[in-house]
Amino acid sequence: MSRRHTDGNNDGRRLGRRQWLSMLGIGGATALAGCSGNGGDGGDGGDGGTGNGTDGGDGTDGDDGGTDTSTYATAAAASFTTLNPIYNTENGAGNAIARALDQGYTFDAENEYVPLLYDMSTEDGEVWTFEVREGLRFSDPYGEVTASDFVYLIQEIHQGGWASSAATTSWRGVTVEETGEYEFQATLESPSLLWPESYDPLLYPIPQALLEPYVAEEDTEGLRQDEELLELQFSGNLGPYVLDEWQRDGGTQYSRNDDYYLRDADDLPDVFNEAPYFDSAEIRVLGEQASRLGALETGEVDQAAIPPERVQEYRNNDEIYVNQIPQPYNEKISVNMRDNGWTTGPGNMFRHTAFRQAMAAAIDKQSLIDGVFRGFAETHFTWQPRFSEFYPPEEEIPQFGVGDRYGSEFARGLAEDAFEQSEYDYGFDGETMVDPDGNQVQLSIYHSAGQETEQLMGEFIAQELGNNLGIDVSVEAIDGTRFNNEYWTTTEFPTPERNEEGEVTEVPDELVDTVNGEEVEWTSPSATNPGPRNVTANEEWDMEIVFGLNTYPRNPITNNAFFDGATAFYNPVGYYPGFDAQELFDNAQQATSEEELADALVELFANLAEEQPYIMLAFPDSTVGYREGLEGPIENFSNGWNLPAWRYDQ
Amino acid sequence: MGFGKYVGARVLWAVVVSLIITTITFLLLAAAPNPAIREAATQAALQGGDPAAAVERERELRGLNQPLYVRYMDFIRSVYTLDWGWSESRSQPVIEAMGQALYYTAQYSIPWTVLTITLGPLVGVYSAANMYSWRDHVATGFAFFGYAIPNFFFGIILLLVFGVWFEAVPISYDTSAPVFSLENARQLILPVFVLVTGSIGATMRVSRNESAEFQNSDFMKTAKAKGVSPLRAYAYHVMRPTMVPVSTTLVGQLLALFIGSSLLVEVVFGIPGLGRLTFEALLSQDTNLVLGSTLVFTFVAVVGNLLEDLVFTVLDPRINYDDR
C-alpha cells in the first residue's frame, strides 16, 4: 500500500515522538542561538533528505550583482554541536549534514513521499518493506550500501541499548529483518499508516564496518567522537557535495560530488540529472543578524533568514526576493496548571477550561500578528496549521480571539464561568480581576532574554490581559536554558519500582492522582511530565512564551506525546484533558483507512481547540531571503526537499 | 642577581601562580553541580530508567566517586599535559578547539596590540608636545571617541558603511583566506580598527599626562640647547621615561579588552576566535571548554605580567634585579 514519508528539509529537527529536545521547537532553539524568532539559517527546508540529481553541470559562473554562482552559500546563526549523524538532534546541523549525506526519503511540494536511499511500502501499516536503491556507495574502504548496513545500524546502535543514539526511541518495539541484499522489513507493534510521516523510519546510511569496533566494545564515547562520522568521511556518492572542512564556529565548506547517486535516478524529475548545480557549497556561521543580512545583500551568501520587520525592505530590493514559508512551530502561552503555578493566590484558575478560553478570547490574534509579526503569521486556533490535511472544518472549532469571540465582555463572561467552578472566591471589582482577599490578580509571563519578537509578544499579551480581564501581568526575561532546567523540567521525581523484566511492580503514592473521577498512575514519569500536578520543577511560574512547539502536521498522531492524557510524555504544564484523548489517538493509530484516520484526528483537534491546553496564538511564517535568480525555493512546508536541484537561472 | 636568575625566578613564580589559580578552579568545579550528571539523570528519566542509578553510574564513569586528592592529582596532571578533555558543544578535543580559536584571535589581536602600544604613546606624546593646541584637541577627541563608542555598535556601523554600502570589505569572515594575504588583510582591517580605536584612548591619555612632565624638564631644555633634533629629543628623553608608567597599565588594560572586546568584535565580524569560543562554552555549559578557556586566559595573564615585569626592568635602568 501506500508509501509515505517524511520530510525533507525545512525543519530538519528530528521528529521522533518521544524526543523531548526536538519538541522544544523553534522558540527554544532560537533562544539559544540568540537570534530572533525567525530562525537562524533560514532553513533549507527539510532536514536531512534532499533530493536530487545528476551530473553534469558544474556550477555556473554567472554574475548577478556580485553573487558568486559557483558556490551556494547560506548564513547560519549558530554553530553546530556535532555533525555525527548518529547523534545530531539540531536543525542547523541537520542542514549541514544534508549537504553531504542524504537520508532515506523526503516529501515533495505536493507532500508526496519521494524515495531517496530507499523506498517504503506496506500492505497493512504493520509490516513495512524497505527497498534500498542500488548503486549507493560509501567511500573507500566501505564499498556498497546494502540492506545489512541499515539493519545493523538499527539493531546494534538504535536498538542496542548502549549507544543512546538520537533515533533510539524511534526504533523501540520495531522488529527488523534483512530479507535480501537490498531489502529489509520492519514490523511495528501496532499498525501505523503514517509511519513515514512520523520520521521514525528515517535513517542515515552508516557503514557497518565502521560501527563494528564500537559495537563490540559498547564504546559510546568512541562512537560519538569518531572522526569519520564527525567529518562525514564515509559519504561516498551519497550526497550532492563532499564535506571538505568543518570549521567549528565558522561553518562548513563542501565541494561538488560528481558521483552523486541521484544523477542516475530515473524516478525523479530530469532537473536532478545534473545536480548539484554549484561547484561548491558553504554554510557560514554569522552570529549577528546584521552580518547575515549584510552578507545576503552583498551576495556573499545566497540565502539568509529575514526578520519580519525587514521583509518589506528586502522586497523592494531588486537583487533579493523573500519567500514566506509556513511552518508548524507555534506561538502559544503555556499556563502552569501544576501546584507551582498561579502564584497570585489560592486555587489555580488555569485548570479551568473556561478560564483558559477567557484568556484566549482576551487576546486579539490578528492585532498580535499585524503588530508583532508584521502580518507574516497565521491565526492559531487548534493544534494544527491550516496547511495540514487534518485541519478540522472551520465550523467545528471555536475561534477564540477573533470576531465575536474577542473582547472584554466575552472574555469576562468566560472568566465568570470559571469563577463559578472554582472553590475560591475570585471575581471582578469593576474592571479588575481580584482574588478572594480583594487584591488584583497578579501573574507573570516569561520570555527569552534578548528575543525582541518574544518581548513584544509578552508585552502585547500583558496589555491585552490587563485591558480585557483586569489581570496585572508582569513581563520577565529569562535565559532559555535556565528556564528549561529550573522551571520547565525536573529530574527529581519519584519513580515506580520495577522487576528485572522492567515491569512496574509498585507505584508510589506521589505518582497517583484522581483525574476526572478516575485514579491515574504515572508509571513512566519523565523530565517533562514528572508526575501529577503536585510534582513540580524547582521554580514556580505562571505563564511562558519561551518555547514554541511542533504541531506535527504530517503525522498529527505524534502529538500524543503532548495530549494523550494526564500522563502524556511531554506535559510540563500539567494539562489533564477533559475528553478521552487517549481513545482518539488509539482510533487514529489503528485506523485502516484515510477516512477513519481523518475522523479521529478532526475530532481530536476540535476538542483541543475547545480546551486550549496551551493558549494558542499564531503560527509565524519563516521569511527567507534569496538572491534574485535562484531557482528552487518554494513557499511551502516542503521547501528545500529538492535542494541539490537549486540553481541560478542562466 | 643577574638578569638570567631574575627571569628564572619570575618564571618560577608564574608557574606557582598558575598552579594556585588552577587549584582554585578545581575546587570551584568540584563544588559545582556537574551538567553531565544532570544530563545522565535526564536521559535515564526520559528512557524510563532510574535517574538516581544513572547519576551513580555517571559519577563512577567520570571518576567522581574517587577521593578529592586523587581527582585533584588527575586534574593537575591533565592540565599540565594538555589533556583537557573533549568539548561536547563542538565535538572536538578542547586543546584543538583552543588552538583553532587562538589561531584566528591572534590574526587580529597581534596587529591590534602592536598598533595600540605603538600608536597610543605616540599620539599621547604628540598631544603633550602640542598641549592645548587644536592638534591636541583633535588627537584627544579621536582617542575619546574610540574609547566612548561601544565596539559592538561601532563595528556594525562600519560594516554597514564599508561592507554593505561601499562593498570595500567582505561582510562575512572567510576562514579559508591565507593568513598573509590581501584577502585576509581586507577582512581584518575593520575589526582591528575598531579594537585599536577602542583601546588607544586610555593609553594615549596616560602617555599624554606622563610625558607632559618631561616636556619642560631640565634635561629636555639641555637637549634642546645642545641642538638635539626634536624627534631624537622626544624619542629618547620623553618617550622612554613615559613608557615606564605606561607599561604598567598596558598589560592589564589589554587583557581586559582582550577578553571583553574581542568577544563583541568576533560576534559582529563572524570571527571564530577565543572570545566567541568562551562565550558559547558558557552558554552551552560545556565544562571542559570553559575550563580550557580559563586556563588559556590564566596563561595569558601570567605571561603578560611576566613580560610586563621584564619590560619594566629593560625600560628603566634605575631598577636593578637585586631589589626584586
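Guide: A nonpolar core is a set of buried Ala, Val, Leu, Ile, Met, Phe, Trp, Tyr and Cys residues joined through side-chain atoms within 4.5 Å. Buried means under 20% relative accessible area, exposed means over 50%, and partly exposed is in between (1.4 Å probe, protein chains only). This is a predicted model, in which local features need pLDDT of at least 70 and side-chain atom pairs count only at pLDDT 80 or more, while totals for chains, interfaces and linings use all residues; side-chain values use heavy atoms, with hydrogens and water left out. Residues are numbered from 1 along each chain as its sequence is written, and chains are lettered from A and ligands numbered from 1 in the order in which they are written.

Now to your core. The largest one holds 86 residues, and A:Trp171, A:Phe184, A:Leu211 and A:Leu223 have the most contacts inside it. Helix α4 of chain A (residues 147-158) gives this core its largest share, seven residues. Helices here are DSSP runs of H or I with at least four residues, strands are runs of E with at least two, and both are numbered from the N terminus.

Let's zoom in on A:Leu223. Leaving aside residues up to four places away in sequence, A:Leu223 touches A:Asn84, A:Ile86, A:Tyr87, A:Ile157, A:Trp162, A:Ala163, A:Leu211, A:Tyr214 and A:Leu229. A contact here means heavy atoms within 4.5 Å.

Most residues other than glycine have a negative phi, and most peptide bonds are trans. A:Ser164, in the loop between α4 and β8 (175-180) of chain A, has a positive phi near 50 degrees although the residue is not glycine. A:Ser164 counts as partly exposed, because its relative accessibility is 35%. A:Leu232 also has a positive phi near 50 degrees, and sits in the loop between α7 (227-230) and β10 (241-247) of chain A. With a relative accessible area of 2%, A:Leu232 is buried.

There are cis peptide bonds to look at, too. One runs from A:Asp140 to A:Pro141, with omega near 10 degrees, and A:Pro141 belongs to the loop between β7 (127-132) and α4 of chain A. Another joins A:Ala275 and A:Pro276, with omega about -5 degrees; A:Pro276 is in the loop between β11 (251-256) and β12 (280-285) of chain A.

Elsewhere in chain A, helix α10 (residues 353-362) is another part of the interior. Nine of its 10 residues are buried, so the helix is largely enclosed by the rest of the structure. Among the buried ones are A:Phe355, A:Arg356, A:Gln357 and A:Met359.

For contrast, consider A:Thr592, in the loop between α16 (581-590) and α17 (594-611) of chain A. A:Thr592 counts as exposed, because its relative accessibility is 63%.

Stepping back, chain A has 17 helices and 29 strands, and 64% of its 650 residues count as buried. Of the contacts in chain A between residues at least 6 apart in sequence, 74% join residues at least 24 apart. Its mean pLDDT (the predictor's confidence in each residue, from 0 to 100) is 87, and 90% of its residues reach 70 or more. Please keep in mind that the pLDDT is below 50 over residues 1-42 of chain A, a stretch with 200 contacts in the model beyond near neighbours in sequence.

Chain B has 12 helices and two strands, and 44% of its 324 residues count as buried. Its helices α7 (residues 151-165) and α8 (residues 182-215) pack at an angle of about 140 degrees, with their axes 10 Å apart. Axes are lines fitted to C-alpha atoms, for helices over the stretch in contact, and angles run from 0 to 180 degrees between N-to-C directions. The contact residues include B:Phe154, B:Leu158 and B:Phe162 of α7(B) and B:Leu190, B:Phe193 and B:Val194 of α8(B).
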